[in-house]
Amino acid sequence: MSVTTDMLHYETQARNKGLRFVLGVDEAGRGPLAGPVVAAAVCLRHFDFENTINDSKKMSAKAREAAFHEIFEKAYVGIGIMNEKTIDIVNILNASHMAMEMAVKDLICRMPQEIVSQESFRHEVGLLIDGNMFRSQLSYKYLTIIGGDGKSLSIACASIIAKVYRDRLLDVYDKVFPQYGFAKHKGYPTQAHRLAVKTHGSSIIHRKSFQGAV
């Protein structure tokens with residue numbers, strides 16, 4: 001797939017400012033009644049993809065899976081996870097930001113040590129964050145982009161990684177708690193999921209702070 005220059009606008013802008021390492025950051029799982037919120041950070045090493053790369057919500061599960069593997073081949077990738085207990089304690093917005101920060105740190109740990117150890121590295125990293133705000137203890141420059149998963153290739157890749165990773169976790173939970181149908185709705189508040197909670201009560205992975213949405 002030939003990537004359009006529109007999807008590389010923010011990456012190009014960041015590099016023109018001297019930021020050699022541009023990380024797209026996004027999360028999946030802010031809305032569900034159950035399970036963790038998962039964030040991903042992606043620093044692309046190559047920009048040409050055979051598979052379609054787009055906002056993960058606009059892709060089929062099969063297309064996301066294919067892209068997932070190719071992204072890992074062509075980028076440094078980091079994952080951050082905040083479970084339902086943390087979400088209940090700090091709220092979903094803060095938990096999402098914490099997961100994003102964890103994903104960035106995880107990615108940095110996976111980069112070659114000879115790059116990360118350079119004194120200039122910290123000043124050459126820029127984050128492209130999906131959304132309208134971001135709070136963290138990270139010292140890197142960042143830019144928030146509303147609808148970024150449809151405007152930035154790096155963020156789109158992060159949205160795919162986060163979505164596929166989280167969906168796989170919920171598929172595992174489905175085997176542990178088959179009465180809730182997690183494999184189908186991934187924890188989101190569908191009518192079937194709400195009915196299952198009313199019938200069986202909440203499980204240990206349900207977000208207690210979201211019970212008003214059932």
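Two strands count as paired if DSSP finds at least two bridges between them. Strands (E, at least two residues) and helices (H or I, at least four) are DSSP runs, numbered from the N terminus. This is a predicted model, in which local features need pLDDT of at least 70, side-chain atom pairs count only at pLDDT 80 or more, and totals for chains, interfaces and linings use all residues. Residues are numbered from 1 along each chain as its sequence is written, and side-chain values use heavy atoms, with hydrogens and water left out.

Strand β1 (residues 21-28) pairs with strand β2 (residues 37-44) in the antiparallel sense, over six bridges. Within this pair, A28 stands opposite V38 in β2. Helix α4 (residues 92-110) packs on the sheet and touches β1, β2, β3 and β4 (125-130). The direction of α4 makes about 145° with that of β3; such angles run from 0 to 180 degrees between N-to-C directions, with axes fitted as lines to C-alpha atoms, for helices over the stretch in contact. Contact means heavy atoms within 4.5 Å.

The sheet itself is open and mixed in pairing, with its five strands in the order β3-β2-β1-β4-β5. Because β3 (75-82) and β5 (141-145) stand at the edges with a single partner strand each, one side of each is left without a neighbour in the sheet. From one strand to the next, the twist averages 20°. Helix α6 (residues 153-176) lies across β1, β2, β3, β4 and β5, running at about 140° to β2.

In total, the chain has eight helices and five strands.
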